[in-house]
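Hi,

Here is the structure I promised to pass on. Please open it alongside this email; my notes follow below.

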Amino acid sequence: MIDFVLIVIILGIAAAIVFYLYREKKRGVTCVGCPYAKACAKKKAGGCNCGSNGKKTK
């Protein structure tokens with residue numbers, strides 16, 4: 001029974017992550033993990049030149 005509960009919890013977390021990524025991509029965010037994604041200068045070009053110092057992150 002405990003195994004079943006753990007599997008359900010892990011699947012729920014995975015589903016929440018996938019839903020979050022789907023929702024953010026639908027909003028047009030290109031770099032989901034980047035805090036500067038919405039202010040990115042190359043956002044429309046498909047690239048992401050994010051970073052606090054203005055240099056492209058790797």
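This is a predicted model: local features need pLDDT of at least 70, side-chain atom pairs count only at pLDDT 80 or more; totals for chains, interfaces and linings use all residues.

Helix α1 covers residues 2-27, which makes 26 residues. At 1.5 Å a residue, α1 should span 38 Å.

Just after α1 comes Gly28. Gly28 has a positive phi of about 100°.

How many helices and strands does the protein chain have? The count is one helix and zero strands.

Now the surface. The protein chain has 58 residues, and 14% of them count as buried. The chain exposes about 5,000 Å². Carbon and sulfur atoms supply 66% of that area.

There is also a nonpolar patch on the surface. Its members are Met1, Ile2, Phe4, Val5, Leu6, Val8, Ile9, Ile13, Ile17, Tyr20 and Leu21. Together they have about 1,100 Å² of accessible area.

Leu6 sits in helix α1. Its relative accessible area is 47%; that value lies between the 20% and 50% cut-offs, so Leu6 counts as partly exposed. Leu21 is in helix α1 too. With a relative accessible area of 38%, Leu21 is also partly exposed.

Leu21 has one more entry. Leu21 and Val32 are 11 residues apart in sequence. In space, their C-alpha atoms are 7.3 Å apart.

Best wishes

Notes. Residues are numbered from 1 along each chain as its sequence is written. Side-chain values use heavy atoms; hydrogens and water are left out. Helices (H or I, at least four residues) and strands (E, at least two) are DSSP runs, numbered from the N terminus. The expected span of a helix is 1.5 Å times one less than its number of residues. Buried means under 20% relative accessible area, exposed over 50%, partly exposed in between (1.4 Å probe, protein chains only). Accessible areas come from the Shrake-Rupley method with a 1.4 Å probe; for residues, only the protein chains shown count as cover. Patches are made of residues with over 30% relative accessible area and no salt bridge: like charges are joined within 9 Å, nonpolar side chains (Val, Leu, Ile, Met, Phe, Trp, Tyr) within 5 Å. A salt bridge is a side-chain nitrogen of Lys or Arg within 4 Å of a carboxyl oxygen of Asp or Glu.
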